[in-house]
Amino acid sequence: MPTARDSESKRRSSGRTDQPLEDELVEEFQNTVQEGTDRLHRTWRALIITGLFGGIDVGLGIMAMLAVMDVTDSKLLAGIAFGVGLLALRLAHSELFTEDFLLPINAVVAGHGTWWSLVRLWGVTLLANLVGGWVFMWVVVAAFPDFTDSLVEVASGYVADGIGLETVCLALLAGSTITLMTRMQQGTNNDMMTAVISLIGGLLVVGLGMLHGALNSIVIFGAMHAGWDYSYLDWFVWFAWVIPLNMIGGLVIISIPRLIRTWELLMAERRGERISDASSEEEEEDRP
């Protein structure tokens, strides 16, 4: 009966790399560590601007969502339309708070950043998302006053039920879904697949009414700009319990299992060992 060591040896000899994991996981690991490292080491200026544009991109998705909802009165179709904002985040290299639950943590565990740099990334990105979204939604509300009723209806739905089993699970699922979407997009270089993943993400997170602290807050800000009787104190109380649940959903459901799956690679990277890729070596050998 084959042992675990035999299986590992066979895996090493049959793949393009000398690692005991599938080639696709090795390649994805290298990409995630590199991108996570880039995010951790952004300058303060770059971090702030990237986060601001993340809020603006989300506002773009909300604008598309409101346009579709106003015509169709369908939350599912409106959620798909919101996927435009998620696609903009990816293609414009902006940053949404819950996108940072996998890639930068990979980089920190692999020894390419510190926990302080991760906290800095999280804090600045979240604050900049909110500021960028707040400003952009003021413009949207001023430009499209006919969307006011739809905007208030959606915002009211996010906060109406308070904290309970259902809303806790909706917040957990929002964090895990956005984190999983980020990992899926990291695994493809195909722009069409990136677009499909974004639309699916919008369908699930917005179409199903999940609670996402940063995303929903921008909707709430828009409703407040439109005259909705809801205070910033009320928003902050809601925000204070949704965001930790988003983090638990993204970290515990998606990121930690992924770290365990690629633990050998993380430790090898941390020790400074080269994770070889046979295809890359062949390309280097062919160069003059």
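## Contacts and overall make-up

Residues 24 or more positions apart supply 79% of the chain's contacts with a separation of 6 or more, where contact means heavy atoms within 4.5 Å. The model is predicted, so to speak of local features requires pLDDT of at least 70, side-chain atom pairs count only at pLDDT 80 or more, and totals for chains, interfaces and linings use all residues. Residue numbers start from 1 along each chain as its sequence is written, and side-chain values rest on heavy atoms, with hydrogens and water left out.

You will find 13 helices and zero strands here; helices (H or I, at least four residues) and strands (E, at least two) are DSSP runs, numbered from the N terminus. Of the 288 residues, 50% count as buried. Buried stands for under 20% relative accessible area, exposed for over 50%, and partly exposed for what lies in between (1.4 Å probe, protein chains only). The accessible surface comes to about 13900 Å², and 63% of that belongs to carbon and sulfur atoms; these areas come from the Shrake-Rupley method with a 1.4 Å probe, and for residues only the protein chains shown count as cover.

## Annotated spans

An unreviewed UniProt entry lists residues 46–69, 121–143, 163–181, 193–215 and 235–260 under "transmembrane region". Its positions are given in the numbering used here, feature names are shortened, and annotations may be inferred rather than shown by experiment.

Among these spans, residues 121–143 are 100% helix and 0% strand, with end C-alpha atoms 32 Å apart. Residues 235–260 are also 100% helix and 0% strand, and their end C-alpha atoms lie 36 Å apart.

## The nonpolar core

The largest nonpolar core holds 70 residues, and Ile62, Ile220, Trp228 and Trp238 touch the most other members. Such a core is a set of buried Ala, Val, Leu, Ile, Met, Phe, Trp, Tyr and Cys residues joined through side-chain atoms within 4.5 Å. Beyond its neighbours within four places in sequence, Ile62 contacts Phe82, Met137, Leu215, Ile218 and Val219.

## The largest pocket

The largest pocket has a volume of about 280 Å³. Its lining has 14 residues, and those closest to the centre are Lys75, Val154, Gly157, Tyr158 and Gly209. Helix H7 (148–159) and helix H8 (165–186) are the elements that give two or more residues to this lining, and H7 gives the most, with four residues.

For the set-up: on a 1 Å grid over the protein atoms alone, a pocket is an open set of points where a 1.4 Å probe fits, with protein on both sides within 12 Å along at least five of seven lines, and lining residues have an atom within 4 Å of a point. Grid points are joined across faces, edges and corners, and a volume is the space filled by probe spheres set on the points.

Asn216 sits in helix H10 (residues 213–225) and is buried, at 1% relative accessible area. Not counting residues up to four places away in sequence, Asn216 touches Tyr158, Met210, Leu211 and Trp238.

Ile254 belongs to helix H11 (residues 232–261) and is buried too, at 14%. With neighbours within four places set aside, Ile254 contacts Ser176, Thr179, Leu180 and Gly249. Ile254 and Thr179 are 75 residues apart in sequence, yet 6.9 Å apart in space, C-alpha to C-alpha.

## Loop residues with positive phi

Asp73, not a glycine, has a positive phi of about 60 degrees. Asp73 is in the loop between helix H3 (44–72) and helix H4 (75–91), and counts as exposed at 60% relative accessibility.

His93 has a positive phi of about 55 degrees, although not a glycine. The loop between H4 and helix H5 (103–109) holds His93, which is exposed, with a relative accessible area of 62%.
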